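Hi,

Here is the structure I promised to pass on. Have a look at it first, and my notes on what turned up follow below.

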Amino acid sequence: VSLRQKDNPLIKELRNVPFQLVSDVTPDFIMGKTTCALFLSLRYHNLHPEYIHARIREVGRLYALRVLLVQVDVRHAQSVISDLAKLCVMHDYTLIVAGSIREAARYLELYKSFENKSAELLQGEKPADYLAQLVTTLTTFKTINKTDAVTLLSTFSSLARIAKASKNELAACPGLGDKKVQHLSAILDRPFLK
Amino acid sequence: RGMGLERVLLSVLALYCDPRLLVLVINVNQTEQELLMEDLTGIMPQHPPMSMTNEQTSLERETLYLRGGVVFVTSRILVVDMLTNRLPMDKVAGLVVANAHLVTPTTSEAFILRLYRHANRVGFIKAVTDNPYAFVSGFNTVERVLRCLWVTKLHIWPRFQRDVIKDLQVHENRLAVFEVPLTKNMARVQQALVRLMSSSLTQLKKLRPSLDMTHLTAESGLFQNFSTILRRQLDGVWHTIGKQTRQLIKDLSTLRDLAVFLDQYDAVTFYHYLQTLRASEYAFTHTSYWVLLDATDDLFEFAKCRVFPRDADAAPGSETEKTDATGRARRAASGIDPAVDRIERNPKWSAYQEQIDIWQRAAEVSPPLWRPNQPCCRTLVLVRDERTARQLRAVMHRGQEYVLNMQLRRYRAWRVRTSRLRPKAMWVHLRQADLLYTSWFGFPSLRVRVFSANGVLKRNSTQASGVSPQADDDSQGELEDEIRADYALPPDEDLAANFGEFGETGFHVIIHAYHREGGVQGSRLARLLLDLQPNNVLIYDLNIVVVRELELHAHVASHPIEVALLTLDTSFQEQQYLSSLRQEKEAFTYVISAKRSMAFPDGRLGLRQKDERQLALRPEDQNVSTRQAGGRRATAGTRPKVIVDMREFRSSLPSILHEFGIDVEPVTLLVGDYVLSPEICVERKSLPDLIGSLKSGRLYNQALQMSQHYPKPILLVEIDESKPYSLVAANESLGSDLEFKTTLARLVLLTLHFPKLRIFWCNSPHSTAQLFYEMKRRGAEPDGEQAAAIGVDMEDGHLSDSRYASEPEAVLRSMPGVTPANVYRIMSGIGSLRELATASQDRIRDLCGGPTLGDQLYRFLQNEAVETSATSSAKGASRN
């Protein structure tokens, strides 16, 4: 953390990662070898609109990922945020907007702790246990909710048997109305290829 | 509602069935369209109406437009055709808009109408709706809708209009109303539900003090629109709502369902449903608020009493004893459980049978002779849905006892299975719950199960009850066969088509479910009534549309109709009916007074001039600042252009972009949603979308593709107006620990992996349009063909391919063993999900491209969920 941020209430909220106040860094925060951030409170920006331009110039293109962390603490912020978005496109910054100082601090913490993380977390997750997985699959049908999924599984016990069941059998389950049954079997029968 | 709007629409459209005119019909739903097309073809066989779907190619559509006549077209296609000039605007004689209440400034219908008015000022626009309720909520809704529709006249025809009353009162038909009293336990269950609902609402109010609760009372909780009110209020902040609130809202709809089911289901099915709720509650540890309330105990207790009455409750001298002597032998022979006797009967069933008997006798004494030589008496019974219809049919053919017995057996078999379904981790909970139940439950044979310390399930042999679990399984198979046979009574889906087989003489009862595909289809009902010409109509479930439709039919019918209404006194259903009457009246009163005080948009010419001025002014306004900035390339004469993906026309942004003065070019894009310039590509995400696609991994792939093909990929995050720029709820604290599976964390990770990705945060489509406009000042205009070509040659190019049906694909993707690598192989290799679920192991191995994944998928499809808890504990030993 740059020494110039030492009075920022944000650093009181940095609880999950250790930090160090240093005087000789250009950006406000350095979260990793290639990641840095500039912090901007919109209230300050409205008073001193030229500040952020100067800071962006100072930082230059030293880091691969440069984050502009904006704390929204004024009303009707959209026009300012749009302007900042344009600025970010021009200077290749990533704009992150936070509603509160805590949220802003959380973003910084996450940037630090994700420094070397793989993208695995972004590539979709699979439910853990078998029953949950079955229920997840069933609730992918738009009209089926969790209760219905449990009803179906407890009545027919497997997906294959649900698929074999007739509409009338499905409709005999409590909670499954005509609409749900129609939809369920329509999707089961709909050809994959259009 | 139920004033025969379809007929009005039909006669209007029939006038335009002429090849010299091109009239477009928009905003009709599937069923309406089918019926209207059918009728129009009947009226005008020489010039049948046409429909446009995405199955026709653009060239085919072009020729169809040129042919003229009435054309039904979906809004999305029409927008695209209008923008690409496939539709000759000046040839369109007019537009007819159905369901006018749904048109708001941001819908594509409003976009279509605006486009149409700009290009063609003489054509007509007509709009109809039969939903006055929609205009009550919100500020100035009537005026706003009229403005979007570009119409200047408003006609209102309520049921209480003098001409309407005069017209409908010509025929006096006999109407009998039967109010069946609720049973004691039903009333108690109902009370418990009301209590639960109001305490849930109080809790909701506590959690979200900002909610406007004037429309939210336990009473209004009984109506369909209740959840809509809530959703509308919370829509903008939905993502910030805490788990607790969300759960409460879900609970409220569950409670509402229960209220409906109470009237609709028999005692056993209702109890069964309650138990299912409880089971799923435990299986997933979502502790709902209402489950912990006292009233819930009442609810379960009384619901149970209806099925298994305590001795004190079983009133002596009731039908139980009467039937005992005579019935026992017969029952023993037919295999009906003695417990059935004590189950509470659905009070409506008896009333129903009585009424039918009365009519039958009447018909035998004096057969109605409304058609010469055809002494036929038809009785139509109108019920809510297919399930009720099926059950009534079964009651009619086999008697109440039989039906209840069937339900009871189903229920018991289900209990056995459910007790096996519960996941291991839940045993502790369940044990307590089970202890609770055992005191209620009169069936020791179902609960002879002990839990050892490590949670492994063991079975005791059950000498005491004499029913072994194996026997349960056997009877299960039997039972299923029986159910199959039992419910195989013919459904009367196609009754209207082939009711001839009911014979020309005698007494016929036809049970028809009027509630279909998400609503009451007045037009279908009208058709059925006309075809059947029933002498008697019994309304088993009350509904305002049904009553209105009957009124209309009575007016046109050739013979008097006897109508009977069946209601449960003081039941939810009755209250619902009464307040829907009241609501209808209030809605109309409101609309009429709104009409009196509202400022009508002046003539279309005036509106047009104003609009043109706006469009002309826009670039000028911008020029003042842009000239100074010096970056502007487009002159005021040419409008800037944005390429928009076809699928994006469901959202309001394209319409607003166009209104703002940016031309939109519809193209099927494989990468991104909007292309601003050859360099800039935008992926638009609403917040729920963002959260969902961050979780599912979709956004990762999209970001990957965008970064590969465009130097400046942009992620546009749409935040709702007047809400804080925050991805977490204000009242839901962040928590002191770092959690990695949150949206916040995923977004951070996304920016870390795609440092080139810019993020736009916009709180309204208007500011998005402004931003787009300013972004476009630098950089060349995008090229449609080029943008469409991007991503085609990619290996993973069919990621956003529309060749595959989306919902089955989503289901398939959620299954284990299905990976992004083999999902297309599977979809091309096999027809449908049903086919997949029943395919052989070898076939699935082949489809998945290997035995590892294949077996994973096969096991997932075939394994019995009920046995998992047992097998998973013995994993490794038995499975290899």
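Helices (H or I, at least four residues) and strands (E, at least two) are DSSP runs numbered from the N terminus.

Before going on, the ground rules: this is a predicted model, with local features needing pLDDT of at least 70 and side-chain atom pairs counting only at pLDDT 80 or more, while totals for chains, interfaces and linings use all residues. Residues are numbered from 1 along each chain as its sequence is written, chains are lettered from A and ligands numbered from 1 in the order written, and side-chain values use heavy atoms, leaving out hydrogens and water.

Now the sheet under that helix. E19 and E20 belong to an open, six-stranded sheet in chain B with mixed pairing and the order E16-E15-E17-E18-E19-E20; two strands pair if DSSP finds at least two bridges between them. Strands E16 (663-667) and E20 (758-762) of chain B are at the edges with a single partner strand each, so one side of each has no neighbour in the sheet. E19 (residues 712-718) runs parallel to E20(B), joined to it by five bridges, and B:Ile714 has B:Arg758 as its bridge partner in E20(B).

A:Leu122, A:Tyr130 and A:Phe192 supply 11% of what chain A buries against chain B, more than any other three residues.

As for chain A itself, it has ten helices and four strands. Of its 194 residues, 57% are buried, meaning under 20% relative accessible area (1.4 Å probe, protein chains only).

Finally, the largest nonpolar core has 141 residues, and those with the most contacts inside it include A:Leu68, A:Leu84, B:Leu750 and B:Trp761. Such a core is a set of buried Ala, Val, Leu, Ile, Met, Phe, Trp, Tyr and Cys residues joined through side-chain atoms within 4.5 Å.

Cheers

Notes
Buried means under 20% relative accessible area, exposed over 50%, partly exposed in between (1.4 Å probe, protein chains only). Buried area is the accessible area (1.4 Å probe) that two parts lose on being put together, summed over both.
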